[in-house]
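User: I would like to learn how to read helix packing, domains and a chain contact in a model. Please take one feature at a time.

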Amino acid sequence: MKEAIYLKDGRRGAYVVRSDGGSWNNQQLLKDCGIIPYMLHKNHGFRAVMPIYADKMPDFPYLETYVKGLEFELLPDDTLETRIKYICEHSEDIDLLILYGAYNQYIPMVHYYKEYRPDGKVYLATDMNMPWAEAISYTYDLPEWRDFLSQCDVIAASCRKTQRYLNMKWPFSVELIRNGWYNAANVSFDDLFAQKENIILTVARIGVPQKNHELLLETFAACSYDIPNWRLKLIGEFSGSEEEQLNFKKFLNDFFTRFSHLKDRIEFTGLIEDKLALAEEFKKAKIFILTSNFEGGAPNVIGEALHSGCYIIVSDIDAADDCTDEGRCGSTFPIGDKLALTNTLKHVCNNNDLILGGG
Amino acid sequence: MIVLISIGQENGRFIFTDCNDKEHVLLDAVDIFNNRSKISVKRPIQLGNDILLLKDIIFSYLHILNDGTLVSFVRSLALLSILDKLFQKPLNFQFLQIGGWSSFSGCVANVFDLFGNKNHLYCLTNDKISLDISNVSFISDELGTDLLPNSKFSMVFIDVPDAISLSSVSAEVFLSLKDGGSLMFMADLHSIPKFLIDKSQISLINDRVAFVSLPIHSELKDVIFKQTDLGKLKLQKQQVVESIKNLSKIINKLEFLSNDKRNFLLDDTISSIVESEKIIVNIYEELNSSYIKPYFNELKEALIDYRLQDNDNMRKIFFEKILDNFRKVLYEMTYKDDFVLNI
């Protein structure tokens, strides 16, 4: 094998290339796709580059405050050919090619990359849920996928369930690399439990059907008399298609008509981009809750909630056991099951020892 | 092909003069033909009538075969080799003939009958033959030699019309022979390695073709077995077993070692487990348990997590994970598969 080629200044290069022709958003810079290259830059001196397609350099507030050193390069268009050309032209600088998701578009990218840099490394973070894993496991029958996967030096899944499944399906080692959390704002977590309040917190894109916030609100209402000293806080911007947002707003109008007495106990904060302010919210909450119908892989937000000492309540998504350490620091409930979630909330909220033990 | 050489017989000594005019005694039946058999009295062939019958069978058969063809000539050599073995150890002689039923097979069956009912002729053939002879069985060769039992036969004769190379003989044929058994075939002499020529009984038919009787011993079978798919698989499994054994030797010491010593041991162990995982990945489709591969990966992961931990409490948690995954791997390897661990 050829020796690694170093950049002229002696640094190595880690490049995160998207499957599609789009761009990253500010929040993603503090998710795995941004943290991994940033950590390589910060801790190992890599040049960490994220090529994107955009008319002009997007506004990335986190770039200046939290992940300074990440580099962005603008592609002239959003075609696959352009991304392949970029990889070929920069192959000498790309010692590590990082890919997120198992997408067809990566097949030619990796093929050409390995042609130019057979000694280069490819990290494929599949970050997928079980339906995706099941669908994709059969693609191994296709020669181009077989070649693609065999050219990836590290293949990872973000939760144990999909990792174990893929390990049984594919003739490769599939590693478990959970979506991590980075304390970018250098938040202090001393004396954590003294700051906790009776808050059930969720942080997500609010109102998108996937997150099933209707279930969260209905359940909170159903057990509100059993947990009278508790408040519910939803952080995030209202998201989804226009129709989805309209539907959710209609739901909220109806909800607060029926449960007007809960207006003081339920708070929608909107998006909190300031990581220090967001960390304060996590630190104050005793419980972090996710009521999703499904997740792409392991939810990024769980790492932050666990680090902040929150007790986790999560629907039975593929990563549920990872989120709760198989029940050691949280509880799970069947997806969409209002009765089960009601019982879980009543049980957990009225059991401070359980929260302290789990958090 | 017509052969110009033949087998001579003088007072019960069967002699083959090879193409270099060198004489080989193929069978010394002087004693037995003169009723001075050294065969145990517990064996059936003792009385004069039996001996006469045996002589009759041999001479008739050799006469029938004396048609000058190479196939007949080789079969004559095979028959005499069988008799030579039978005279030495006439008990439980399991003979495999690879090739169709012929007058040669009938002759062998008759000879076996004289020597006792535990001698048996197996005929590997696709010919549909209906014979009701108690000491003859037919094995279908639809699957070739793949399903031949291990260490079953005292002698195997590959009964084909042309000389074959040694490399064309499947490993399963070698492995089907008992230790001390022999493999007979008409060989392309150039295909036989020198070290085997020195140990074999070679009857030169011409400068290129010979009738070869190759003695099979356990060392040779081991070498051959390691070249089979199954042998390679077992060898790979053994490599994995070694890394697991090494881990088992240190696993209970880890928590009591100094950091430096623990890290040193762990680095070695992790490297070995990583190599073993690569083997597992290569062979996982051959394994009976589909859980060995994921559990092995999780064992590696726990070892790496443990190695990276500075915090004592966290390290204890990861140590428990090492133990948990180690138990899972052991269980799957020994109870769900056939890894031989003896830990």
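User: Are H3(B) and H4(B) roughly parallel or roughly antiparallel to each other?

Analyst: First, this is a predicted model, in which local features need pLDDT of at least 70, side-chain atom pairs count only at pLDDT 80 or more, and totals for chains, interfaces and linings use all residues. Residues are numbered from 1 along each chain as its sequence is written, with chains lettered from A and ligands numbered from 1 in the order in which they are written. Helices are DSSP runs (H or I, at least four residues), numbered from the N terminus. Axes are lines fitted to C-alpha atoms, for helices over the stretch in contact, and angles run from 0 to 180 degrees between N-to-C directions. Angles under 35 degrees count as roughly parallel, over 145 as roughly antiparallel. Here H3 (residues 70-88) and H4 (residues 103-115) of chain B pack at about 10°, with axes 11 Å apart; H3(B) and H4(B) are therefore roughly parallel.

User: Which residues make the contact between H3(B) and H4(B)?

Analyst: Residues are in contact if their C-beta atoms, placed from the backbone, lie within 7 Å. H3(B) contributes Arg75(B), Leu79(B), Ile82(B), Leu83(B) and Leu86(B), while H4(B) contributes Phe104(B), Cys107(B), Val108(B), Val111(B) and Phe115(B).

User: How is chain B divided into domains?

Analyst: Domain bounds come from an automatic or database domain assignment. Domain 1 of chain B covers 7-224 and domain 2 covers 229-336; their C-alpha centres lie 51 Å apart.

User: How many residues does each chain give to the contact between chains B and A?

Analyst: Chain B gives 9 residues and chain A gives 7. On the chain B side, H10(B) gives the most, with 4 residues.

How values were computed: Helices (H or I, at least four residues) and strands (E, at least two) are DSSP runs, numbered from the N terminus. Angles under 35 degrees count as roughly parallel, over 145 as roughly antiparallel, 65 to 115 as roughly perpendicular and the rest as oblique. Two residues are in contact if their C-beta atoms, placed from the backbone, lie within 7 Å.
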